[in-house]
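Hi,

Here is the structure for you to look through. Please open it first, then read my notes below.

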Amino acid sequence: MKPLEKFLKKQGSHLAARAGPGAGGQLPRRQSVSKILLPGFLKEPPEEPPEGGTDTAGDGRWLELRPPDSSLRSPTSFSSEELSPGGGGGGETQLSPESVPTCCWAPLAEPESPDRLLGRLLERLGGDPTAPHGHGCGADLLLDDIVLTHSLFLPTEQFLHQLHQHFMTASTIPSPPCWKEGEAMHRKRAVLVILLHFLETYKGILQEEEKAGKVIKDLYLLIMKDSSLYHKLEDEILKLHQLVETVELKVTEESHPPSKQVKPLFRHFRRIDSCLQTRVAFRGSDEIFCRVYMPDHSYVTIRSRLSASVQDILASVTEKLQYSDEQPTREEALILVAVASSGEKSVLQPNEECVFTTLGINSHLFACTKESFPSLVPLPEEIQVSPGDTEIHRVEAEDVANHLTAFHWELFRCVHELEFVDYVFHGERGRRETANLELLLQRCSEVQHWVATEVLLCESLGKRAHLLKKFIKVAAVCKQNQDMLTFYAVVIGLNNAPVSRLRLTWEKLPGKFKNLFRKFENLTDPCRNHKSYREVLSRMKPPIIPFVPLILKDLTFLHEASKTLVDGLVNVEKLHSVAEKVRTIRKCRSRPLCLEMESSPQQLQTKAYVRQFQVIDNQNLLFELSHKLESNSQ
């Protein structure tokens, strides 16, 4: 289990215990070998719950949110300024009752079971607009809540089947006797509204769900048969047609599947042309190249789907090595092992999927037999260091910071908002839905180790102090760019024990930069649930790159502090709190990032350097380097 997931599990267990004996249990977390360097404060439980209306003072089962007390508006009617995380005082982690979007939310009159919740939503959407609880009275935000979080209590395929069944019921002639005149038409329109919102939210990731795609197509055909009844919704019908085309899954027999371009992951062959390309989101069906090593450090290069299982990877390795021809029974004896630069080994289970994006920074896949497992050692190049001036000494701090922000914005944009929910709530369901989030977390860890690596490979005391100064400048520019992810990573890297113990180096740092770094440390102070950071973030307007691990921490609090189902009924208030968290991510990306950077050869060289760091992630080795530089520092 990787450190971040250990931290999330520890946080959830602590908070659930505080909530009382009725607090919800925790879902099993998926196994992973990703290594993420976490600051000490993320290992401590929060001193107060994340702002947003959670209340664990009761039985720990229900989240309590007060109803809206001002006029209701559709989420699409807000301006960019209103959509920014500012104004609520809670930063990226919440939308307080005083902030704008929360005023649209109106809870259901009473809790419902998972099977009936969608029906209640259809009633709200298809009701008389003039009625007290008709369409528009919090219905739009309730719709978004359920679309974003339905997988917490209902699988997507089952959710779509229910939607399909409701449309079929509304098409029944005669209509159910309990329905009012015209209610069938209102129900059909409500189904159309839900389907449109679902497709708009899930577009780009439904290609991986063949069964769900089939239900969508069947429902789409039913709606198109009645399209003449929707003369007032011509734009919606056109939009539905366009969205359905984006989730086409099957290729007709007459046509051939388009050739897929193999996408590069971090550190794959270190190709300059690959690292300079704009990053695009990964999907489970994407193909990548990967090296799988043998115990003697020879390797084979395989082409594999990102979502390939360990069993599939071993089959490709076996085919490459031609084990099947020489020793047919050898395949069963092979196991796949992830080996970190520190020598830590983790055996991957045959049914595990998408293991590529969960590897540590300098971890590699090894195929071996059980007998040769104890002899596995890290690759030699991963534990060798070459002290001396590196690229960081030749580039300007502002250029490095801007390229870091640009690259991390690309990675952040690739993460689908639902990956945050799947990562925390559905860790046991596989990794296909969270590959982009895994890569972003991996990059955060890489930047932290990059800072420590560059400082500790600098043998000159004067140059080392100058490097500290440069990294503080990088953090300052990143904060100015509203890239809080990189800002945190750099500060955490400078606070890494092998670096922070270099007393002579820090003493040579000018007082101005000592004071500036002290301010940065105060900003990352976890006291009062990261109050300083949240206040600064609340004053920012999009585009923003938030500190993603803290978002996961807050989602874990929501997950563990209350149950999703209580006595078989859906905790809608919890769904709303989770959806609010997801919407803050959406709002951080509601405006494009615009950084002015030259396209000179020197800038391209800096861009390539920033996008493919070579780092040491072995903490023991970092300490050895630190003691060689200053053996007596405390």
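**What covers helix α25**

Among the elements that cover the buried residues of α25 are α15 (435-456) and α18 (497-500). Keep in mind that this is a predicted model.

Which residues of α25 are buried? Helix α25 spans residues 619-629, and its buried residues are Leu 621, Leu 622, Leu 625 and Ser 626. They sit on the same side of α25, because they cover an arc of only 140° around the axis. A side-chain oxygen of Asn 618 comes to within 3.1 Å of the backbone nitrogen of Asn 620.

**The sheet**

Next, find the open sheet. It has 5 strands, in the order β2-β1-β5-β3-β4, and the pairing is mixed. Why does one side of β2 and of β4 lack a neighbour in the sheet? Both β2 (299-305) and β4 (345-348) stand at the edges with a single partner strand each, so one side is left without a neighbour. On average, neighbouring strands of this sheet are turned by 40° against each other, direction ignored.

Strands of a sheet pair through backbone hydrogen bonds, either parallel or antiparallel. Take β1 (residues 287-293) and β5 (residues 364-369): they pair in the parallel sense, over 2 bridges. Val 292 has Leu 365 in β5 as its bridge partner.

A helix lies across this sheet. Helix α10 (residues 310-321) lies across β1, β2, β3 (334-339), β4 and β5. It runs at about 135° to β2.

In soluble globular proteins, nonpolar side chains tend to be buried together. The largest nonpolar core here has 127 residues, and Phe 420 and Trp 450 touch the most other members. Helix α15 gives the most to this core, with 10 residues. What does Phe 420 touch? Its contacts include Phe 412, Val 415, Leu 437, Val 548 and Ile 585, leaving aside residues up to four places away in sequence. There is also a second, separate core of 25 residues, which includes Val 310, Ile 313, Leu 334 and Leu 365.

**The whole protein**

The protein has 25 helices and 7 strands. Of its 634 residues, 55% are buried. Take the contacts between residues at least 6 apart in sequence: 77% of them join residues at least 24 apart.

Best wishes

Notes
Residues are numbered from 1 along each chain as its sequence is written. This is a predicted model: local features need pLDDT of at least 70, side-chain atom pairs count only at pLDDT 80 or more; totals for chains, interfaces and linings use all residues. Side-chain values use heavy atoms; hydrogens and water are left out. Buried means under 20% relative accessible area, exposed over 50%, partly exposed in between (1.4 Å probe, protein chains only). Helices (H or I, at least four residues) and strands (E, at least two) are DSSP runs, numbered from the N terminus. The arc is that of the directions from the helix axis to the C-beta atoms. Contact means heavy atoms within 4.5 Å. A polar contact is a pair of N or O atoms within 3.5 Å; within protein, one must be able to donate a hydrogen and the other to accept it, and residues adjacent in sequence count only if both atoms are side-chain atoms. Two strands pair if DSSP finds at least two bridges between them. Axes are lines fitted to C-alpha atoms, for helices over the stretch in contact, and angles run from 0 to 180 degrees between N-to-C directions. A nonpolar core is a set of buried Ala, Val, Leu, Ile, Met, Phe, Trp, Tyr and Cys residues joined through side-chain atoms within 4.5 Å.
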